[in-house]
Amino acid sequence: MQALIKRLTKRIKKKGFIPFVKRLPVLHRYESTQEGRCVGCGICADICPALAISVEASVQKDGLTNVEEFLFDTGRCVDCGLCVEACPVSAIDFIPLQADSVVYGQVLNQEELLELGKRKS
Ligand code: SF4
Ligand code: SF4
């Protein structure tokens, strides 16, 4: 057991992420306007079994929602894909995890997730 923990710890340090997590959920923009697709409905946060996502949004005078805060905790995500499946506006999707993307345990905000989302589009 100790040998396994040692091996996993070594891989986390080398790869920057837990070994069995292969993908990273990120956010996307509309190509035409470059606005973030996320409407702050919070469905992804509600469905996430690992409590890896938190969303705060407010309703503006025109009735549209404004995403005040979108946080994703890389240390909690178990790569289940439920958030991606549940999003009604295809705002969240996976990118393959790369060692230089993030550090394990890093909490990413909306801007950082949108920036990472560029790698896919
Ligand atoms: S992939 Fe699963 S664990 Fe990761 S953020 Fe989405 S719902 Fe949560
Ligand atoms: S990513 Fe999708 S499911 Fe999550 S809050 Fe934004 S619009 Fe809703």
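Predicted model: local features only at pLDDT ≥ 70, side-chain atom pairs only at ≥ 80, totals over all residues.
Residues are numbered from 1 along each chain as its sequence is written, and chains are lettered from A and ligands numbered from 1 in the order in which they are written.

The layout, then. We have four helices and five strands; those are DSSP runs numbered from the N terminus, H or I of at least four residues for helices, E of at least two for strands. From the N terminus on, they go α-β-α-β-β-α-β-β-α. Of the contacts with a separation of 6 or more, 72% are between residues 24 or more positions apart, a contact being two C-beta atoms, placed from the backbone, within 7 Å.

Next, the hairpin. Strand β2, residues 53-59, runs antiparallel to β3, and seven bridges join them; for strands to pair, DSSP has to find at least two bridges. Ser58 sits opposite Asn66 in β3. Five residues lie between the two strands, and Gly63 in that turn has a positive phi of about 90 degrees.

Now helix α4, residues 110-117: which residues are buried there? Leu113, Leu114, Leu116 and Gly117. Looking down the axis of α4, the buried residues fall within an arc of 160 degrees, so they line one face of the helix; the arc is taken over directions from the helix axis to the C-beta atoms. What they pack against is β1 (23-27), β3 (65-73), β4 (92-96) and β5 (107-108).

On to the ligands. Around ligand 1 we find, among others, Cys48, Cys77, Cys80 and Cys83, where near means a C-beta atom, placed from the backbone, within 6 Å. By class that shell is 10 nonpolar, one polar and one charged. For the classes, Ala, Val, Leu, Ile, Met, Phe, Trp, Tyr, Cys and Pro are nonpolar, Asp, Glu, Lys and Arg charged, and the others, Gly among them, polar.

Ligand 2 has 13 residues around it, with Cys38, Cys41, Ile43, Cys44 and Cys87 coming nearest. Its shell has 11 nonpolar, two polar and no charged residues. Cys41 is in the loop between β1 and α2 (43-47), and it's partly exposed, with 17 other C-beta atoms within 10 Å.

Terms used: Buried ≥ 20, exposed ≤ 12 C-beta atoms within 10 Å, placed from the backbone.
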